[in-house]
Amino acid sequence: MNENLFSSFITPSIMGLPIVIIIIMFPIILFPTPTRLINNRLITIQQWLVQLILKQMMLIHNPKGRTWSLMLISLIMFIGSTNLLGLLPHSFTPTTQLSMNLGMAIPLWAGAVITGFRYKTKASLAHFLPQGTPLPLIPMLVIIETISLFIQPMALAVRLTANITAGHLLMHLIGGATLALTSISPPTATITFIILLLLTGLEFAVALIQAYVFTLLVSLYLHDNT
């Protein structure tokens, strides 16, 4: 049972070679480059959503922060499409791997922090010591603020991993219970199946919300350092 429960989180491989890179590149197919003067409805809706999200995210940024707009919109599209593809049966979700999420969070966080120390050195250093701090508390507050700074990318990655993994596990458990109850108690199986459908709809929303939250937090880190 445990093996089946966590088998969907095992990195897939063919002939001993991992195929994660192919899976990560697959969402690119969902966002084709328009080549016509008049786009079809799907591409038009995609472009409208991209412009809407990008406009909302860039409202708080100055011109220097808006240079990250392509990076941020690519990030939310990648995470959102990867999460949605992971809801398909017998599929693999890369965002359930903490290593991959750390691989996205750490470079983006480091880039934002380095940008802050380069262009706003005094303001960045001032975050380590709030104004009006009593003298005896200065060493402790500097240590606490330093730890809170370095824990930001870990919080980003763990939040995304935990939410996506928990949803997949819950769907797997309820789906297994529905299948087991089919021959024992059909009315109960019907109820659990309805719960499974509702949970699936909720997971669609969670997949998109987590992509937005991850990108929004990166955007806020960037805003604090530009």
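Predicted model: local features only at pLDDT ≥ 70, side-chain atom pairs only at ≥ 80, totals over all residues.
Helix α4 covers residues 69–85 and packs with helix α9, residues 186–224. Helix α4 also packs with helix α5, residues 98–119.

**α4 with α9**
- The axes of α4 and α9 lie 8 Å apart, at an angle of about 155°.
- An angle over 145 degrees counts as roughly antiparallel, so that is how α4 and α9 run relative to each other.
- The crossing of α4 past α9 is right-handed.
- On the α4 side, the contact is made by Leu72, Leu75, Ile76, Ile79, Gly80, Asn83 and Leu84.
- Their partners in α9 are Phe204, Ala207, Leu208, Ala211, Tyr212, Phe214, Thr215, Val218 and Ser219.
- Sort the residues of this α4–α9 contact and you get 12 nonpolar, 4 polar and no charged.

**α4 with α5**
- Here the angle is about 170°, and the axes of α4 and α5 are 13 Å apart.
- α4 and α5 are therefore roughly antiparallel to each other as well.
- Met71, Leu75, Phe78 and Ile79 from α4 touch Met100, Met104 and Leu108 from α5.
- This α4–α5 contact comes out as 7 nonpolar residues, with no polar and no charged ones.
- Leu75 and Ile79 of α4 turn up in the contact with α9 and again in the contact with α5.

**Aromatic rings**
- Searching the whole structure for aromatic pairs turns up 1.
- Lysine 64 places its charged end over the ring of tyrosine 119, 4.1 Å from the ring's centre.

Note on methods
Residues numbered from 1 in each chain as written. Heavy atoms only, no water. Phe/Tyr/Trp six-rings, centres within 6.5 Å; stacked < 30°, edge-to-face > 60°. Lys NZ or Arg CZ within 6 Å of the ring centre and 35° of its normal. Axes fitted to C-alpha atoms, helices over the stretch in contact; angles between N-to-C directions. Helix = DSSP H or I, 4+ residues; strand = E, 2+ residues; numbered from the N terminus. Parallel < 35°, antiparallel > 145°, perpendicular 65-115°, else oblique. Left-handed = near helix turned anticlockwise from the far one by under 90°. Contact = heavy atoms within 4.5 Å. Nonpolar A, V, L, I, M, F, W, Y, C, P; charged D, E, K, R; others polar.
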